[in-house]
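Here's a quick walk through a few spots in this protein. Have the structure open as you read.

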Amino acid sequence: YYTISISQTTIKLYYHPEGLQVDDGQNMFRTVDSGVLDIDLSSFWHHITVTVYKEDVTYYVNGSVVSTSTLENPISDGPGSVYLGEASPGVLRYIGQIQDAYFYSQALVQRDVQRIALGTASFVHLSPECRCPYSHPVIDPSNTFRCIQHTGHTVDRGTVQRLNPQATPTGFMNNMFSGDQWVSAVNQPATNISIKLSYTNFSFEVFYVILYFGSPRPKAAI
């Protein structure tokens, strides 16, 4: 159970932590906030994102991390109702305008937030399986092969490798040796073979390509 409150310079998250025992008269919610931001959220339109991964809370404005905080315990989960513009019917009503609101079943990483807020993300060579994990959602600007917990600092969990553990450099296809051979077929009827070199999204200067034929030369090479 949680509530997000947005004021002119602050984003607040009210939440009910797991395992909290509430006595009569006690507040069942805890509060964390972004602190006072350098951005006036009441001016113009802003894209605001709040992500929660276990006890980690990250606040984004227009695709950039503006603040982080830590929960007492993970947010308790269960069935409930969704209210937009108020905490509950008639309570803490929002004053302002809301264009869109989205809820996601898993925490977004920084590139996800950038893509949604700006329509694009910072360029880096990566495949879908080589993404930052939710525990370290930001690509380390000093080493794009690793991910950190939040922009500018790593708190207490250090960095993790961005690449999939099963990923290998492309040079492993021929053991880093240009004299290796690829056999298209053995004892098979003659057939047409197409070899395609794709450099999509990469910048290479190719001087020449050498093909060696380990069997009788083909009838034609186009």
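## The loop around G85

Bear in mind that this is a predicted model. Let's begin with G85, which sits in the loop running between β6 (64-70) and α1 (110-118).

Leaving aside residues up to four places away in sequence, G85 touches L92, R93 and Y94. Look at Q97 as well: G85 and Q97 are 12 residues apart in sequence, and their C-alpha atoms are 9.0 Å apart in space.

## Helix α1 and what covers it

At the other end of that loop is α1 (110-118). Here Q110, R111, D112, V113 and Q114 are buried. What lies over the buried residues of α1? The cover includes β4 (48-53), β5 (56-61), β6 and β7.

Just past α1 comes G119, with a positive phi of about 80°.

## A three-stranded sheet

β7 turns up again in an open sheet of three strands, ordered β7-β8-β9 with antiparallel pairing. Its edge strands are β7 (138-139) and β9 (160-161), each of which pairs on one side only. As a rule, strands of a sheet pair through backbone hydrogen bonds.

How many bridges join β8 to β9? Two bridges link β8 (residues 146-148) to β9, and these strands run antiparallel. To find your place in that pairing, look for C147, which stands opposite V160 in β9.

Key:
Residues numbered from 1 in each chain as written. Predicted model: local features only at pLDDT ≥ 70, side-chain atom pairs only at ≥ 80, totals over all residues. Heavy atoms only, no water. Helix = DSSP H or I, 4+ residues; strand = E, 2+ residues; numbered from the N terminus. Contact = heavy atoms within 4.5 Å. Pairing = 2+ DSSP bridges. Buried < 20%, exposed > 50% of the residue type's maximum accessible area, 1.4 Å probe, protein only.
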